[in-house]
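Hello,

Here is the structure I promised to pass on.

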Amino acid sequence: MDNELSTQPHGMEDVEIQEWLESLDSVLESSGPEVAAEILERLRAHATVNGIDLPFTANTPYANTIPPRLEPLFPGDQELERRIKSLIRWNALAMVVRANRVEHNIGGHISTYASAATLYEVGFNHFFRARSEEFEGDTVYFQGHASPGMYARAFLEGRISAQKLENFRRELKPGGGLSSYPHPWLMPDFWEFPTVSMGLSPLMAIYQARFNRYLEDRGMKPVTDAKVWAFLGDGETDEPESLGAITLASREKLDNLIFVINCNLQRLDGPVRGNGQIIQELESAFRGARWNVIKVLWGSEWDPIFERDTEGLLVKRMGELVDGEYQKLVVSSGAYVREHFFGSDPRLLQLVEPLPDEALRRLRLGGHDPRKVYAAYKAAVDHKGSPTVILARTIKGYGLGEAGEGKNVTHQQKKLNEDELREFRSRFGIPLNDVDCIEVPFYRPAEDSVEIQYLRARREALGGYVPKRSIRSKPLVADHDDLFKEFHEGSDGREVSTTMAFVGMLRKMLKDSEIGKLIVPIVPDEARTFGMESLFRTVGIYSSVGQRYEPVDVNTLLYYKEAKDGQILEEGITEAGSMASFIAAGSAYATHGINTIPFFIYYSMFGFQRIADFIWAAADMRTRGFMLGGTAGRTTLSGEGLQHQDGNSQVLALPVPNNKAYDPAFAYEIAVIIQDGIRRMYKDGENVFYYITVMNEPYAMPPMPANVKDGILQGMYRFRRAANAKAKLRAQLFGSGAILNEALRAQEILETKYGVAADVWSVTSYKELYNDGIESERWNRLHPAEKARVPYVTKCLVDAPGVLVAASDYLKTLPNMISKWMPRHLASLGTDGFGRSEGRASLRDFFEVDSRFITVATLHELFVDGKIERSVLDKAIKDLGIDADKPNPVIS
Ligand SMILES: Cc1ncc(C[n+]2csc(CCOP(=O)(O)OP(=O)(O)O)c2C)c(N)n1
Ligand SMILES: [Mg+2]
């Protein structure tokens, strides 16, 4: 690990080093830290000029960033806060232990909160401001598996009943329970942000902090000093998402953002960096990214020892240990610490000579010392110009003693034996006797006790309780008919893609008096791909610093215009970051009381497939808005090949319960879906969000037939009836998206060449049809005495004669999953398999979804039904130029 003080230069006398250090001390005293820093900087430059090869290091020594003399006075009653914290520790532990006594293996975590209690309590008592009508409040992302501590505090605050605590992780018990982790879906009045899928919250917090600035710069909310706090585990920083956007935070100078990383040096299985130092590693990454880094390593008990150490030996020794050794010290006796840590140098031993072994063992770490933590938080909230990360050293399972403190197994510890419970009780002074305490009862002092009074007074001073989720936005009022009407009329023969049609709608929505300002277009560097570049000029690209350069295309109509009040979030090549912006904008109705309506448009293959876990978190968070999967369809996006051609996303959208997924074919279908979506989400307050695939294949957009709006929304409607309904040979063809046109061509071929009269249906959403089908089945199963419900698909096809054939640009499983509610066998064509670099026609031949294959599938069904001779089918295969022995696209 890089540490300037950890290597002893050859041939240098200690006394010489001492002189240098002393002269720096005197500069520090006489002229202050800025002058001292300037001298060091000059020395560094001087050394470089004189050919001294200084190794690069982004690290500072393994010591607290804030020296004791710069620590502010702790403003609270430290003893009382300790008692409150002890009660929370007890109740958090009791929740987990009790839950596991009732139901073995129900799980829960004791050791994470145990290590982070001080980090949270200093926040709750002195920093986290609640949301109110007057002030937007701070935004706090709590570490997911520290949730027992948050519940235990809410219990003391009188916000959560003992019964609810009793039912921690047993949410289905009478009276309800508490969700294992922060889930706004399950506890919508309490949790705001789902954090337990590790790595998501740091990235979401960064984009949340940036979105707060966006709202301010666009004049949509007042400028405030509200902060975004994100509490992470040190192991969590292994997730690439955790550190993946930290340079955005510094580039955007997000001094409204504070990360607190609980560095207990352990994750689930063992040490985070047993052979290294996670704190130093994180420090260099964050400092390298130009964050303000505050290390909180050592508690106040260490201060006098550091003071006695005029030679800098202690900090040097601290920089030498790897985390595995630090962990060993935590579980060892004072005598061991003396021998193995201080014993490396007689001068170090001398420093701690006056201290008994027990005092050595109890030397606290910085993250367990409220004064040190307060100093760090205060410095963080006062810091200007960059985000802050606090690296706080703690002990995992703090206070659990033999039951797990600092041990590798501590993360999984859910049960304590009688002795361990008594010891924990005594260590934290919980007023329970030896007999009572082994029952692990929840303990809440009387309402008029000093503890409860203090706790309530502190929260009152900070504006109320945290976490608390509430919806403060007002529903929209207009119906927006005017906005969407023109798209019902078709394109008059002009060939346009559904993407172009959507962009036309977006352009119109942006001008609307009610929703125009609320729209947040989000693109990960694909605006040109989707033909959105005209919006650059009209609404501008958001930039917190405006535009400091003359764009190269300034003389063109559609130049690249960045502006402080720009509306587009051009995120660069980060679908994860764009999704985090989508989440921030789509949940602003709750976080800020503002109905922002995000439209996030991206390469459809890089959505559900790449960032599905963020989408899951968005769903949990009741995010609203529209995700547009552009360049969609395995055969509609030509040329791009295996990595880009998306035939998956409509299937991958299936598991997300509150996501409505549509695969529209025509402009009017999109108009109907979006208009209805805005109504449902922003007028009626439904907790749904939309996924709409749009394609880049141009074709004429037909006008909307009469009476199809409900069908579009419910998932299917008959687009074009057969010309000759009385024909002997009948068929029903189902198509979606761009493939609907193939079905329409097949309709013609079937009619003119084979005398088959086919109706063509546009299936806008297999997911809607599926959900409706399974809901009908379920209702019928549970209500056998009542009139059976009929799935919408079945109703549609009641009087639809003939064989059934579906073709989709997605997997065949989509049509297959609704086939059981159809009156007869369904033949499904789809694009299972890897894409290819090819043109559309070849791709549709390869995947067997073009009009010829739809025709053959129809004839085959008629043959199986005994309606036509095999020779007709054989001839058709030949006439249509189909190679019956071509490779199977599914596995080739
Ligand atoms: C994406 C993801 N992978 C795995 C897990 C399972 N998990 C929960 S906690 C944990 C260890 C956490 O270690 P750390 O981040 O250091 O937190 P600590 O409990 O030490 O504060 C793991 C692996 C998860 N929640 N999310
Ligand atoms: Mg950890």
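To begin with a question: is D138 buried or exposed? D138 is buried, with a relative accessible area of 3%; buried here means under 20% relative accessible area, exposed over 50%, and partly exposed in between (1.4 Å probe, protein chains only). Its salt-bridge partner is R129, at 2.8 Å from N to O, and R129 counts as partly exposed at 22% relative accessibility.

Before the rest, some background. This is a predicted model, where local features need pLDDT of at least 70 and side-chain atom pairs count only at pLDDT 80 or more, while totals for chains, interfaces and linings use all residues. Residues are numbered from 1 along each chain as its sequence is written, chains are lettered from A and ligands numbered from 1 in the order in which they are written, and side-chain values use heavy atoms, with hydrogens and water left out.

The count comes to 58 salt bridges, each being a side-chain nitrogen of Lys or Arg within 4 Å of a carboxyl oxygen of Asp or Glu.

One of them joins R83 and E451 (2.9 Å, N to O). R83 lies in helix α3 (residues 78-102) and E451 in helix α20 (residues 450-461), so this pair ties together parts that are 368 residues apart in sequence. Helices are DSSP runs (H or I, at least four residues), numbered from the N terminus. E451 is buried at 12%, whereas R83 is partly exposed at 33%.

E358 and R362 also form a salt bridge, at 2.9 Å from N to O. E358 is partly exposed at 40%, and R362 is partly exposed at 48%.

Finally, a network of salt bridges links E697, E742, R745, R840 and R844.

Best wishes

Note on methods:
Helix = DSSP H or I, 4+ residues; strand = E, 2+ residues; numbered from the N terminus.
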